[in-house]
Amino acid sequence: DFDVLGYRALRDEFPAVPILPAGDALWHPDLLSTVLLLEPFSAVRFDVSFVGGPTPALRMIRVAEDAGLDVELISYGHTVIQAADLQVALAFGRTTYFEQAVPVEPFECGVTDVLRTGSDGLVHAPDGPGLGIALDEAVLETNAFERLILD
């Protein structure tokens, strides 16, 4: 993500190819805004959980919007993280892709409502409240290696 000049050189060399950052390092809106001045990417990329949740993600999305760029969220991970990224992507409305790790089963532990790509090639928002997914507390308890209880 920090090889901004390298990304810019790729964009100059291959203007018809979308150039996306890895999305693992640019997590602050001010830093992203500064980096985007060099126009290194075709879209912005990050994970909602990396930047601190939906509200910080909205700040990142606004920076991308100001630069005229779409946001392609990283959603590689557990279903809870995927659900957060999907909900933010759907709310933003300027994304093209939903990244889903395969095989999907290892990322679905403890979840009763899973996110899966349908036969139409799309992932749809689940119907439940909040993120739209339900957790299986018994499975989570069986697989937990540490527990923190807050009063």
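A residue counts as buried under 20% relative accessible area, as exposed over 50%, and as partly exposed in between. With that in hand, welcome to this predicted model, which holds 7 salt bridges. Side chains of opposite charge can pair when their charged atoms come close. Here is a short tour of some of these pairs.

**R8 and E39**
- R8 pairs with E39 in a salt bridge, and their closest N and O atoms are 3.3 Å apart.
- This pair links distant parts of the chain, with R8 in helix α1 (residues 4-13) and E39 in the loop between α2 (29-36) and β1 (43-44), 31 residues apart.
- R8 has a relative accessibility of 24%, so R8 is partly exposed.
- E39 is also partly exposed, because its relative accessible area is 47%.

**R94 and D70**
- A salt bridge joins the side chains of R94 and D70, at 3.0 Å from N to O.
- Because R94 sits in the loop between α5 (79-92) and α6 (137-143) and D70 in strand β2 (residues 70-71), the pair ties together parts 24 residues apart in sequence.
- R94 is partly exposed at 26%, and D70 is partly exposed at 27%.

**R116 and E105**
- Between R116 and E105 there is a salt bridge whose closest N and O atoms are 3.9 Å apart.
- R116 and E105 each lie in the loop between α5 and α6, 11 residues apart.
- R116 is partly exposed at 40% relative accessibility, and E105 is partly exposed at 48%.

Methods: Residues numbered from 1 in each chain as written. Predicted model: local features only at pLDDT ≥ 70, side-chain atom pairs only at ≥ 80, totals over all residues. Heavy atoms only, no water. Salt bridge = Lys/Arg side-chain N within 4 Å of Asp/Glu carboxyl O. Helix = DSSP H or I, 4+ residues; strand = E, 2+ residues; numbered from the N terminus. Buried < 20%, exposed > 50% of the residue type's maximum accessible area, 1.4 Å probe, protein only.
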